[in-house]
Amino acid sequence: MAEQDIGAIRNVALLGHAGSGKTSLLEMLLVKAGVLGEPGSLERGTMVSDFDPLEKDYQHSLNSALASLDFDGVHVNILDTPGDPDFRGQALAAMGAAETAVIVVNAANGIEMSTRRLMRRARQRQRCRIIVINRMDAEGANLEQLVHDIREEFGAQCLPINLPTDNGATVRDCFFKSDGETDILSVADAHTEILDQVVEVDEDLMARYLDGEEIDADSLHDAFEKALRQGHLVPICFTSALTGAGCGEFLRFCRNLLPSPLEGNPPPFRKGPEGERVEASMSADDHVLAHVFKITNDPYAGKLSLFRVYQGSIRPDTQLFVGDGRKPIKAAHLYRIQGKDHIEIDRAIAGDICALAKVEDIHYDAILHDSHEEDHYYLEPVDFPQPMFGLAVAATTRGNEQKLASSLARLAEEDPCFIVEHNQELNETVIRGLGEMHLRVMLERMKQRYNVEVETRNPRIAYRETITRPGEGHYRHKKQTGGAGQFGEVFMRVRPLGRGEGFQFRSEVVGGAIPTNLIPAVEKGVRQLLDEGAIAGFPLQDVEAVVYDGKHHPVDSKEVAFVIAGRRAFLDAVKNAGPQVLEPIVELEVAVPDSAMGDVTGTLAAKRARIQGTDSVHGGMTNISAAVPLSALSEFPTELKSLTGGEGRYTMSFSHYEAVPANVQAELVKGFESNGSGDES
């Protein structure tokens, strides 16, 4: 396959708030390209990208999905992503595989919570950005005001490249054309604004333009793509996924003006421990370099790994290495993915998105390559939101613990924002995700796929302990048992470190008061208490411990004696240093109807929340930002649903740790002591 075939590929990710119409838009694009005879139906469950049984039950996307089409000589890979904030990990992972992020906005709802977040993420990751205003024919939609809102929110570089006409029945081009009537704005004005914006990235074009030379749109192609890559231009397109209006024009826009893999911003590959930046060649004739951005496990079909090829070509007989692995795998079967259908192909070239099936060694974020020269390559990791919503789970059927563990591990492979933790001390398995719905869907999926059911309850909150001032402690351990005894004495100082600095240990012992070979035993005793906590049973953090004196016995001083002495001296010092329990604080963003704002802010205030701001947004909604203790939010999803009639949405991300109120600390300490816990060594 020739090099120019790479230039005929377009990779786009459809992103946007839930209900913006991304999946319906994909259906209509497939119709316009002749892939489908008619668009699929959400109600009948016949949509190409919403094929998962749970998606049919929930009536919206829960996973990212891939489909492709061929249109007028170009091959377009389209990644449809879920819009619900609980599943944005899937959207962020898919975004990296495309040169262009297409942010879909529902004309009836305007700019929504996820619109802002996704625009910001796409800009940070240097994706070319396009805004598609979908449902342009929606009753009551104020399109002119929406364009104004978009430019106010995201910058003057957001410019219409086409405009609706005939009451949303079609669109009129504003880039290649400079005249004609539309429903809202002037074609001539829009055309001039785009020209003004595009020529700014090319000094030669700018000079010619300022000299009054007529510059036709065809000669602006390279400058247009440069403006896209730099974020200097964010085109706005209009469509109606229901009628198909604007969808054919959008495909022509993809063909004529969107960047190919040769023209987009190069991916941020790094090499080795120093993180030296390297660039993929985008050549079909070079070594293979590909990145796995999605994993799907099916109990019958096995593991499916979706990957983007950045360099070289892969054939079914290609030997590939996974990351730094020394043992190669064989790409026995290559597939092009069309929703749920796997279409076998004989070659995957640089720039394309394909899949391998039934290769267990492949994992999310793996680099696939065919030469050891690329052994230590990796992509800069995606900054995924931290999963904070948790449930403790246990198998309902005794003896199903191993089946539960393996099923959860399979699910965690698929979703970078779904985490499984096991607390050995409490013998508690905790699953964490981005919200209540996220975890509910994952558990339903586990039941459907692997026939594993679980009991759930709220997990133990990840409290921490620290100290608030310097303190000193001392302990002498002496034990005589008829034969050789045990002896060790330790004097210790502690002081608080800055939040997030962890733990430091050092020795200032001089003169052999404690032999050098026994100092590690003292540290071992200290670290035991770090994990177990001093006052309430939670890990200690942000503490420096200094052993500065002690005594030993030439016969009875053994390692075990100084482990115990170090532990008890550290405990004594901590209790003299103003010990304090810390709790995790999360940044909460809540979108609620205006009418419910007072009730929701009141509910949050009762949970010790600090309201940081409110922001009215289009569609009668208000965004509330607050910092809230995680321990107070266990019932919040249910409360929010009740207060807003199911219209409220929220997201949260870990912010920091801070001290719990005195009454809460007293309860935690009392509970720890009443359970018979404490240091009895």
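Colleague: What share of the residues in the chain is buried?

Modeller: Of the 681 residues in the chain, 55% are buried. Keep in mind that this is a predicted model.

Colleague: How many helices and strands does the chain have?

Modeller: There are 16 helices and 35 strands. The C-alpha trace spans about 100 × 60 × 60 Å along its principal axes.

Colleague: And the contacts? What percentage comes from residues 24 or more positions apart?

Modeller: They account for 73% of the contacts with a separation of 6 or more.

Colleague: OK, sheets. What is the strand order in the open sheet of seven strands?

Modeller: The order is β2-β3-β1-β4-β5-β9-β6, and the pairing is mixed. β2 (65–71) and β6 (158–160) stand at the edges with a single partner strand each, so one side of each has no neighbour in the sheet. From one strand to the next, the twist averages 30°.

Colleague: Which helix packs on that sheet?

Modeller: Helix α9, residues 247–257. It touches β1, β2, β3, β4, β5 and β9, and its direction makes about 85° with that of β2.

Colleague: Do β1 and β4 run parallel or antiparallel?

Modeller: Parallel, with five bridges joining β1 (residues 9–16) to β4 (residues 100–106). In that pair, V12 stands opposite T100 of β4.

Colleague: Moving on. What about the open sheet with four strands, what is its order?

Modeller: That one goes β24-β25-β23-β26, with antiparallel pairing. Its edge strands are β24 (419–423) and β26 (454–457), and each pairs on one side only. The twist here averages 35° from one strand to the next.

Colleague: How many bridges are there between β23 and β25?

Modeller: Five, linking residues 389–395 of β23 with residues 428–433 of β25 in the antiparallel sense. V393 stands opposite T429 in β25.

Colleague: Which strands does α10 lie across?

Modeller: Helix α10 (residues 401–414) lies across β23, β24, β25 and β26, at about 145° to β23. Helix α11 (residues 436–450) lies across β23, β25 and β26, at about 25° to β23.

Colleague: Where do the axes of α10 and α11 stand relative to each other?

Modeller: They come within 10 Å and cross at roughly 120°. The crossing is right-handed. On the α10 side, the contact is made by K403, L404, S407, L408, R410, L411 and E414. On the α11 side, M442, R445, M446, R449 and Y450 make it.

Colleague: Change of topic. How many residues of β17 are buried?

Modeller: Five of its five, across residues 334–338. L334, R336 and Q338 point one way, while Y335 and I337 point the other way.

Colleague: Why do the side chains alternate like that?

Modeller: In a regular strand, side chains alternate between the two faces of the sheet.

Colleague: Which strands are joined to β17 by bridges, and how?

Modeller: β18 (residues 341–345) is joined to β17 by five bridges and runs antiparallel. β20 (residues 353–357) is also antiparallel to β17, joined by two bridges. Y335 shows up in both pairings: it stands opposite E344 in β18, and its bridge partner in β20 is A355.

Colleague: What is G339 doing in the hairpin of β17 and β18?

Modeller: G339 takes a positive phi near 65°. That hairpin has two residues between the strands.

Colleague: Which residues are buried in α14?

Modeller: In α14 (residues 597–605), they are V600, T601, T603 and L604. Their arc around the axis is only 160°, which puts them on the same side of α14. They pack against β32, β33 (610–617), β34 (621–629) and α15 (636–644).

Colleague: Great, thanks.

Terms used: Residues are numbered from 1 along each chain as its sequence is written. This is a predicted model: local features need pLDDT of at least 70, side-chain atom pairs count only at pLDDT 80 or more; totals for chains, interfaces and linings use all residues. Side-chain values use heavy atoms; hydrogens and water are left out. Two strands pair if DSSP finds at least two bridges between them. Axes are lines fitted to C-alpha atoms, for helices over the stretch in contact, and angles run from 0 to 180 degrees between N-to-C directions. Contact means heavy atoms within 4.5 Å. Buried means under 20% relative accessible area, exposed over 50%, partly exposed in between (1.4 Å probe, protein chains only). The arc is that of the directions from the helix axis to the C-beta atoms. A crossing is left-handed if the near helix is turned anticlockwise from the far one by less than a right angle, and right-handed if clockwise.
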